[in-house]
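Me: I would like to learn how to read a structure of this kind. Please take me through some features one at a time.

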Amino acid sequence: MIRTVIFDIGNVLAGFSWDEHFRNLGYDEGMRRRLARATVHSEDWKEYDRGCLSDEEIERLLVENDPEIGQEIRRVLADLGGIVKRWDYAIPWIRELKEKGYQVLVLSNFSQKALRECWNALDFLPYVDGGILSFQDKLIKPMPEIYSLLLDRYRLKAEECVFMDDTQENVEGARRAGIHAFRFENQKQAKAELEKLGV
């Protein structure tokens, strides 16, 4: 029996719209791809979410990935306000689940900078019952410790939880922790997956 529904944030409850953000800054497709390789698609981007380095230290790491476009990388990072996009269904979906008696949590790789600068797109957060944003605990998915911490902190039984994430390796991490989990594709598909579990 499921008692707790756990959501990832990026591309589940809100859009991770880096390409749109780069386009709004005036960059063509080639430059957007190059910027992405140096930033959001690089291993170093995870350091934002882990929260162990300062923004300045992370900026240096990202610029080192493609020094030739250092100025453009710094411009992209100066304000991440457009990188997360609000999705209209988030609040109604959370409220619907809570009205049915489910606890609703978030478990997301998320940086303090993005939380601060994208707050308007994260207006669903006051409606959830808690959760973990990675930078706060210096852990990121799919590290086993982040799933254990969530279970311990909220005194959850893994088999009574379901987790959805758009990244398969994070889904697998949850399954290894004993949590029911599936890869999120869209809301309709996710609701169908939840229904299979009686939610």
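Reply: Begin with E193, which lies in helix α11. Helices (H or I, at least four residues) and strands (E, at least two) are DSSP runs, numbered from the N terminus. The model is predicted, and local features need pLDDT of at least 70, side-chain atom pairs count only at pLDDT 80 or more, while totals for chains, interfaces and linings use all residues. Residues are numbered from 1 along each chain as its sequence is written, and side-chain values use heavy atoms, with hydrogens and water left out.

Me: Is E193 buried, exposed or partly exposed, and why?

Reply: Buried means under 20% relative accessible area, exposed over 50%, and partly exposed in between (1.4 Å probe, protein chains only). E193 has a relative accessible area of 24%, so it is partly exposed. As for its position, the C-alpha atom of E193 is 9.3 Å from that of A181, a residue 12 residues apart from it along the chain.

Me: Where is Q189, and what does Q189 touch?

Reply: Q189 is also placed in helix α11, which covers residues 187-196. Q189 counts as buried because its relative accessibility is 16%. Contact means heavy atoms within 4.5 Å. Not counting residues up to four places away in sequence, Q189 touches F182, R183 and F184.

Me: Which backbone atom lies 2.7 Å from a polar atom of the Q189 side chain?

Reply: A polar contact is a pair of N or O atoms within 3.5 Å; within protein, one must be able to donate a hydrogen and the other to accept it, and residues adjacent in sequence count only if both atoms are side-chain atoms. Here the atom is the backbone nitrogen of E185.

Me: Is K113 buried or exposed, and which residues is K113 in contact with?

Reply: K113 lies in helix α7, residues 112-117. Its relative accessibility is 8%, so K113 counts as buried. Once neighbours within four places in sequence are left aside, K113 is in contact with Y48, D55, L77, A78 and L80.

Me: Now the strands. Which strands does β1 pair with?

Reply: Two strands pair if DSSP finds at least two bridges between them. Strand β1 (residues 4-7) runs parallel to β4, joined to it by four bridges. Strand β1 also pairs in the parallel sense with β6 (residues 161-165), over four bridges. T4 shows both sides of this: T4 stands opposite Q103 in β4 and opposite C161 in β6. Further along, I6 has L105 of β4 as its bridge partner.

Me: Why is β4 described as largely enclosed?

Reply: Strand β4 (residues 103-108) has five of its six residues buried, so the rest of the structure largely encloses it. Three bridges join β4 to β5 (residues 131-133), and these two strands run parallel. One of the pairs is S108 with its bridge partner L133 in β5.

Me: Which element gives the most residues to the lining of the largest pocket?

Reply: That is α3, with four residues. By class, the lining has 11 nonpolar, nine polar and eight charged residues. Ala, Val, Leu, Ile, Met, Phe, Trp, Tyr, Cys and Pro count as nonpolar, Asp, Glu, Lys and Arg as charged, and the others, Gly among them, as polar.
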